[in-house]
Amino acid sequence: MTLALSVDGLSVWYGEERAVHSVALEVPVGKVLALIGETGSGKSSVALAAARLLPPRARMEGRVLVAGEEMSALSGAQLRRLRGEKVGFVTQDALAGLNPVMRVGRQIAEVFQFHRNLNRRESAARAVESIEQVRIPEPAAVARLYPHQLSGGMRQRIMIAIALALRPPVVIADEPTTALDVSTQADILRLVRELCAELGTGILWITHDMGVVAEVADLVAVMYAGRIVEHGHAASVFDRQQHPYTRALLRTLHDMRAGQPGDPLFQIEGQPPSLNTVITGCPFHPRCPMATSLCATEEPVSQRFGGLEGTESGLVACHHLGDQAGAMT
Amino acid sequence: MARRLIVRLFQGALTIFGVAVLTFLLEFIIPGNTAHAIAPRATAATLREITKTLHLNAPLWVQFGDYMKGLLHGNLGESYVQREPVSTLIGQRLPATALLAGAGVLVEVVVGGTLGIAAGLKRWMSRGVNAISLTFLSIPTFVLGLFLLLIFGFDLNIAPVTGGMSFGALILPALTLGLGGVPWYAQLVRDQVAESLSSSYVRTAIAKGLPDRWIIVRHVLRNAFSPALTMVGMDLGIFISGVVVVETVFGWPGLGQLAVQSLDSLDRPVVMGVALVGATGVVVMNIVVDFLRMYVDPRTKLATA
């Protein structure tokens, strides 16, 4: 299995506060890994760190390998050369993510101008091709428009076109469909799946939406309080739900889809810990229905289940792996 | 776009009319006998004669009607004191004031913009820029003008102190006028640059792998200067209506001085004329800037009136 992106021992601090705790992730070539978690779980910090786009006040540790090349140690011109070339980045809100005073074609063309040393005309032509690739009709006309003249879905397609312009092995997408309505969201998800298969791009897709995960992901990693609590193939995560937190997340989704109007939604009791909370033991134990005294004192290490390679395999950080089948359903 | 222009021109005409009404009323609130002001040593008979020929005893609305009738024919009236058409007097002064206004705005934009960019890009410069801003903000214009005159005119002897119009004579008044506006531009541009730097689109630009300088020039500055353009328009308009203090301190023969002199002598047609020129300046500059901004920031095209 060739890896497009591999993250190992990644930690992120904002000043004294630690947002990410030794996270490890692997995105195979041509696959989509959905990184899911609540607001504040550290998922966006992982995305920014993996793309080396953390704000200056943040500090990171750990290794980020893109197509086998170490990104975490680079800086300055070397890093700049690999940006766009090796890693594409898609922001949450494309209206904010695109420069409001520059035509969208120009915003794509810039990439070719710098990375391919093309002149203005050639790079403009390549930009039109990029727009066509994300299935926008009349790409030459759209290239001459400004972001505010496009619909939300079109803007997000332009963001994707920028990210994919140089055909990087990895695209990191930070909640790219959150700002879109459901049908546009479905279009974007389909587009990304198609392009990802077509170009062999590995995608790290950050989201808090289990429905999106179900539609787009080959692999799933669940984050809680800056840690990955479950990581595995989408099918196995959805079917077996080894970690109590994953199970609770999926139950909220299930209630939303299958519940009757007026039925109370399932909620996870309590609040996720804030960044400055001192956590002992398993970070989920205060809210976990299965917590024992062991959970309060000792942090669980990730255990592998279901063999090493198959779609039934994964990693779970829970002390009660195996003895909780059906405990919550 | 044409519709927008028509709407703006109509609004502008209304504004100018409003200024005309207000100025006219204000002139009558000012105490003093106009006829007496025109001819201080005249006999009672002469004063009656003046009052009669100028319709000074007619009701206010009749006088205003007469004035507006003349205005519609492009006639601003004749100066009571200098016996010359107001348009000629203003025409003599306007170039000087326009030159000073342009130079002052140039100083504001160049100095304020540079400080603002520096402070926005480098956090450690922000303090120094704040100190400079605060200094210029707390010095009254006439004090700043006199300081500059003392230092550069008398002590260092590198700028003329005699007044009049020349390129050398322009430097100090332009600096005085411009430096007073520097804090506003510095703060505005600094905030805009800082905001733009932390924006999502700049992060996108970084993720593209573009060089820093390109990102700053193409992505940050263009976004940062768009609001400053509005301020430039306002300042140009306001300065053209006469910068009284600066013109007085430096003996610059502009509209501001004309306005002060004619107010002193109750020379009503001239005061009216200067006020109208000022109002027109503000209105026209605002329209020009409004349309310029549409090219710098295409989003503003949406906000059609």
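**Exercise 1.** Find how strands β1 and β2 of chain A are joined, and in which sense they run.

*Solution.* Work on the predicted model. Start with β1(A), residues 3-14, and β2(A), residues 17-28. Eight bridges join them, and the two strands run antiparallel. Take one pair: A:V7 has A:L25 as its bridge partner in β2(A). Then look at the turn. Two residues lie between the strands of this hairpin, and A:G15 takes a positive phi near 65°.

**Exercise 2.** Work out the strand order of the open sheet in chain A.

*Solution.* Go to β4(A), residues 58-66. Eight bridges join β4(A) to β1(A), again antiparallel. Here A:S6 stands opposite A:L65 of β4(A). Next comes β5(A), which pairs with β4(A) in the antiparallel sense over two bridges. A:L65 has A:E70 as its bridge partner in β5(A). The edges are β2(A) and β5(A) (69-70), each pairing on one side only.

**Exercise 3.** Which strands does helix α1 of chain A touch as it packs on the sheet?

*Solution.* Locate α1(A) at residues 43-50. The helix touches β1, β2 and β4 of chain A. Now compare directions: α1(A) makes about 115° with β1(A).

**Exercise 4.** Describe the side of chain B that touches chain A.

*Solution.* Count first: 19 residues of chain B are in contact with 23 of chain A. Next, find the helices. α9 (200-207) and α10 (212-240) of chain B each supply at least two residues of this side. The largest share, six residues, comes from α9(B). Last, sort by class: eight residues are nonpolar, six polar and five charged.

Key:
Residues numbered from 1 in each chain as written. Chains lettered and ligands numbered in written order. Predicted model: local features only at pLDDT ≥ 70, side-chain atom pairs only at ≥ 80, totals over all residues. Contact = placed C-beta atoms within 7 Å. Helix = DSSP H or I, 4+ residues; strand = E, 2+ residues; numbered from the N terminus. Nonpolar A, V, L, I, M, F, W, Y, C, P; charged D, E, K, R; others polar. Pairing = 2+ DSSP bridges. Axes fitted to C-alpha atoms, helices over the stretch in contact; angles between N-to-C directions.
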